Amino acid sequence: MKIDGNVLDDMDAMKKLDASDMLRRLPEFHLQFKVAQSCFSRIDLDGFEGFKPTSILICGMGGSAISGDVLLNWVGKSSPVPIHVNRSPFLPGYVGSRTLIIMVSYSGNTSETLSAMDQAIHKGAQIMAITSGGKLLEICQEKDIPSVIIPSGYPPRTALGLLFMPIALLCQHLGLFDIDNEIPLIESALKSANTRLNPSITRLDNAAKELALSLVDSVPAIYSSPSLEVIANRWKCQLNENSKMLAWYSTVPEMNHNGIVGWSGVTDTSERTVVMIRDREDDSCYSRRLDLTGEIFLKPHARRIVEVWPDGESLLARMFNHIFFADYTSLYLAFLRGVDPTPVAAIDKLKLQLA
Ligand code: F6R
């Protein structure tokens, strides 16, 4: 593939490829958190009074499910109740009336999520839904289930702030975690990243453009600790959907027990690139493993290893900073590859076939 890096400094060329205007949406990411707060404030929470969940299950697929992973990685270690993310049409056997189930489907029409909803109702779980409409909203209205209605018109993966916030706000309402203090920190981390990563900043000064240039024409492997698995997965998904590229991800220490052996068999380094997701507060046992893995087992076999360190005053702010960087890099990769970042024709085709 012939790559012309100049496209990244040519706003007209980028706009021409970007028929659905992702270039306009991304810089507005920080605005989603307050919008979601106001959507959440409109729901009736009477049914949750006095409710003490024994577990939290977030159900969704793809760009919607990531919202649950964000919660899990943010508070998983301190949560007084188990949190799981369910990406399937089936619910686990433990689900019952003390399970808090949050159904997340941006479109409201994803078949796996609708099947899970059906079972959650059947099992008498305590449910809240987050959606922009579709069948999920119809079911909620028919059965009187609280539903947070978020603005429509976004590709689901660009609506992560809208999808995540109502989950956190409900948990806060139930006395589990505090999200209000996090909002200014997230907004400030995103705004300051935007001044450095937005499309008008040229390649030489724009870390996302620079990284896009070094990942193009490769199959990136993304690695993180389990504490930041959501970020590694978000990178993979955004490279798949926005950039229309193959990518894979794994975490340490698990990949130290299989993946590193696979790398030893790589002889052609030209197509291999690595992105390491780092955080200054990652457990030292994980940081040490990421350091050693990169240095000893990946470096000799990869074209390039890039470490990504986020800014932000709290873990959650840094997680959204990481996500924003992945979003921008995948957007620039789409332009380098000459594709429109928004359409996901393969997903639409499969959904149609299954319907
Ligand atoms: C599209 C995207 C997909 C969808 C997934 C589920 O932008 O990211 O991964 O999120 O197909 O659809 P929804 O989110 O509508 O339930």
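The legends below accompany close-up views of a predicted model.

Because the model is predicted, local features need a pLDDT of at least 70 and side-chain atom pairs count only at pLDDT 80 or more, whereas totals for chains, interfaces and linings use all residues. Residues are numbered from 1 along each chain as its sequence is written, and side-chain values use heavy atoms, with hydrogens and water left out.

**View 1**
A polar side-chain atom of Ser-64 lies 2.5 Å from an oxygen atom of the ligand, and a polar side-chain atom of Arg-157 lies 2.6 Å from an oxygen atom of the ligand.

On its own the ligand has 400 Å² of accessible area, of which the protein covers 94%; accessible areas come from the Shrake-Rupley method with a 1.4 Å probe, and for residues only the protein chains shown count as cover. The space taken by the ligand is the largest pocket. On a 1 Å grid over the protein atoms alone, a pocket is an open set of points with protein on both sides within 12 Å along at least five of seven lines, in contrast to a cavity, where a 1.4 Å probe fits but cannot get out; lining residues have an atom within 4 Å of a point. A molecule sits in such a space if more than half of its atoms lie within 2 Å of its grid points. Helices (H or I, at least four residues) and strands (E, at least two) are DSSP runs, numbered from the N terminus.

Thr-273 lies in strand S8 and counts as buried at 1% relative accessibility, where buried means under 20% relative accessible area, exposed over 50% and partly exposed in between (1.4 Å probe, protein chains only). The side chain of Thr-273 makes a polar contact of 2.7 Å with the side chain of Ser-218. Asp-279 is found in the loop between strand S8 (272-277) and helix H12 (284-298), and because its relative accessible area is 6%, Asp-279 is buried. The side chain of Asp-279 reaches the backbone nitrogen of Glu-281 at 2.9 Å. Not counting residues up to four places away in sequence, Asp-279 touches Leu-228, Trp-309, Pro-310, Leu-315 and Arg-318, contact meaning heavy atoms within 4.5 Å.

Leu-213 has its place in helix H9 (residues 207-215) and is partly exposed, with a relative accessible area of 29%. Gly-5, Leu-8, Arg-203 and Leu-336 are the residues that Leu-213 touches, not counting residues up to four places away in sequence. Although Leu-213 and Tyr-332 are 119 residues apart along the chain, their C-alpha atoms are separated by 8.3 Å. Phe-325 belongs to helix H13 (residues 315-336) and is buried, with a relative accessible area of 10%. With residues up to four places away in sequence not counted, Phe-325 touches Leu-197, Ala-207, Ala-208, Leu-211, Trp-235 and Val-308.

The peptide bond from Val-252 to Pro-253 is cis, with omega near 5°, and Pro-253 is found in the loop between strand S7 (248-251) and helix H11 (259-264). Phi of Asp-144 is near 60°, a positive value in a residue other than glycine; Asp-144 lies in the loop between helix H6 (134-143) and strand S5 (147-149) and is exposed, with a relative accessible area of 71%. Lys-244, in the loop between helix H10 (229-241) and S7, has a positive phi near 55° and is partly exposed, with a relative accessible area of 29%.

Methods
A polar contact is a pair of N or O atoms within 3.5 Å; within protein, one must be able to donate a hydrogen and the other to accept it, and residues adjacent in sequence count only if both atoms are side-chain atoms.
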